[in-house]
Amino acid sequence: MTLTTEPNARQYDPVSLAPMAFWAKSPEEREEDYAVLRAERPISWHPPAEGSMMPPQEGGGFWAVTRHADIVAVSKDPETFCSGEGIQMEDVPLDILEAVSSFLATDAPRHTKLRKLVSAAFTPKRVKKIEEQIKAQATRLVDQLIETGDCDFVEHISRRLPQWTIFEMVGVEDQETREIATRAADGMVSWGDEDVRQGREPAELLTESLMALINVALELAEARRAEPRDDLMTNLVQAEVDGEQLTDEEIAAFFCLLSIAGNDTTRNTTSSTMRALTLNPDQRALLREDYEGRITVAIDEFVRWATPVMTFRRTATRDVELGGQQIKQGDWVVLFYSSGNRDPEVFDDPMRFDVTRSPNPHIAFGGGGPHYCMGNQLAKTQLRAIFWELLTRVPDLEAGEPVYLAGNFMQAIKSMPCRLNL
Amino acid sequence: MPRIVVDYDKCTGLGICESIAPDVFEVDDDGSLLILEESPDETRRGELQEAVDGCPTGALSIED
Ligand code: HEM
Ligand code: SF4
């Protein structure tokens with residue numbers, strides 16, 4: 001390598017995080033590259049992500065932030081590193097960004113107002129209230145699993161509980177519509193995967209998925225305007241921000257955000273954890289010995305280990321120095337949560353899955369700041385419920401080799417066989 | 001005695017503080033944070049510090 005530790009602004013880093021090939025690798029292989037960057041060039045400059053739907057800008061690219069401490073610093077400084085100009089590492093057409101991201105891609109003061117319209121449904125008291133239902137649902141899912149026998153774990157377990165939970169809260173009632181919305185939500189984050197695209201262009205898959213989500217959202221909004229219920233969609237159609245009701249577009253964007261954020265994240269954490277427990281029988285034994293006593297600490301390790309959201313982007317609002325690099329106003333700054341969660345400065349033996357790891361200051365729910373995951377407690381409640389059922393009722397379940405989705409946003413497991421060994 | 005100070009511009013009402021010290025913090029039904037006990041006993045300092053450190057938005061601090 002000719003380029004060494006000398007920080008060399010505006011020269012593309014030899015370890016490139018931009019190509020599709022990088023994102024088609026396994027998480028372990030990617031970690032080898034992150035380790036080099038963290039140790040030698042924690043803030044590095046990269047060409048535009050390959051496979052973007054928009055032609056890359058001349059001289060464009062992004063800064064990759066790979067150390068835990070820097071990811072936290074950027075996340076907690078939203079005035080300097082804003083979300084309003086996009087949150088993905090590739091250029092997404094602005095109308096699509098607005099259509100799906102809702103308050104995720106906004107900044108204060110609008111972010112604060114929009115987020116508050118739904119955040120009240122995610123408080124500890126509200127999560128507690130739905131916890132009993134989540135547990136009952138987890139019991140039913142494992143009943144069905146036992147009936148089914150050996151099968152695809154993602155299809156039969158991982159995707160079911162998050163889907164049930166988020167749509168129960170939002171107010172989507174029938175299973176068929178829940179399926180349509182889940183598939184569409186998945187489509188929004190899988191356009192980088194050829195297998196999912198099946199010959200379609202990325203933009204085609206995106207548009208199709210988006211239309212499907214918007215349709216479900218607007219039909220539901222109509223129904224709740226006519227007949228209000230106790231659910232999130234009713235809150236949205238009744239909400240006012242600065243004296244004005246939300247537009248249909250805004251309501252649909254909320255729906256898209258919740259459908260995407262509420263499904264894939266917890267699903268992938270469930271799959272990744274089942275695989276980790278299979279490969280680490282000692283860790284499974286620890287949990288089986290004392291589930292109630294150990295699960296709270298363990299769940300943070302499940303989430304660190306999985307890190308289902310690999311990246312989010314910010315845009316610099318002014319010239320600023322970060323980790324020795326000169327960031328210019330307008331530059332893209334991408335947070336690599338997967339890398340931060342394996343940072344040896346913060347985690348002892350980071351490549352070890354350790355359900356007793358404590359403290360565990362992982363950044364899988366974000367590095368802090370205003371966008372910190374609104375669903376974190378809801379996700380933890382689901383994980384606690386489903387692993388209780390799995391570890392007590394199918395204690396010897398073995399998860400096989402996972403098939404990963406190719407792409408630079410979600411660390412997603414498309415399928416993973418399981419054997420119940422009952 | 002420690003006194004809890006909330007920066008309401010930062011707080012997003014997630015209630016991670018509430019899950020650490022439910023008798024001190026409560027996020028009410030509209031998502032706003034209420035402080036149930038502004039100056040808890042000195043013996044609670046460790047727990048309060050945990051809530052301050054655990055708050056992802058950095059909205060909490062302790063004043064003496
Ligand atoms: C293990 C599961 C989950 C993980 C790892 C996760 C991860 C994340 C991350 C990394 C962010 C961005 C944080 C930032 O930019 O600083 C985020 C934001 C968000 N998450 Fe989650 N999430 C999970 C589950 C959920 C669930 C179940 C929901 C339920 C609806 C949810 C809703 C949201 C929302 C609405 C935001 C946007 C918050 C904002 O911009 O203010 N998440 N999540
Ligand atoms: S943890 Fe922080 S942001 Fe969340 S409610 Fe408490 S003070 Fe507010």
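Guide: The iron atom of ligand 1 has a single protein donor, SG of Cys373(A), at 2.3 Å. This is a predicted model, in which local features need pLDDT of at least 70 and side-chain atom pairs count only at pLDDT 80 or more, while totals for chains, interfaces and linings use all residues. Residues are numbered from 1 along each chain as its sequence is written, chains are lettered from A and ligands numbered from 1 in the order written, and side-chain values use heavy atoms, without hydrogens and water.

Visitor: Why is Cys373(A) called a donor to the iron atom?

Guide: Donors are N, O and S atoms within 2.8 Å of the metal (3.2 Å for Na, K and Ca), and SG of Cys373(A) is 2.3 Å away, so Cys373(A) counts as a donor. Water is not among the atoms, so sites may look incomplete.

Visitor: What makes Lys125(A) and Glu26(B) a salt bridge?

Guide: The term requires a side-chain nitrogen of Lys or Arg within 4 Å of a carboxyl oxygen of Asp or Glu; the closest N and O atoms of Lys125(A) and Glu26(B) are 2.6 Å apart, so the pair qualifies. The count between chain A and chain B is 1 salt bridge.

Visitor: How do you know how much area chain A and chain B bury?

Guide: Buried area is the accessible area (1.4 Å probe) that two parts lose on being put together, summed over both, and for chain A and chain B this is about 1300 Å², 52% of it on carbon and sulfur atoms. In chain A, Lys116(A), Pro124(A) and Lys125(A) lose the most area to chain B, together 33% of what that side buries.
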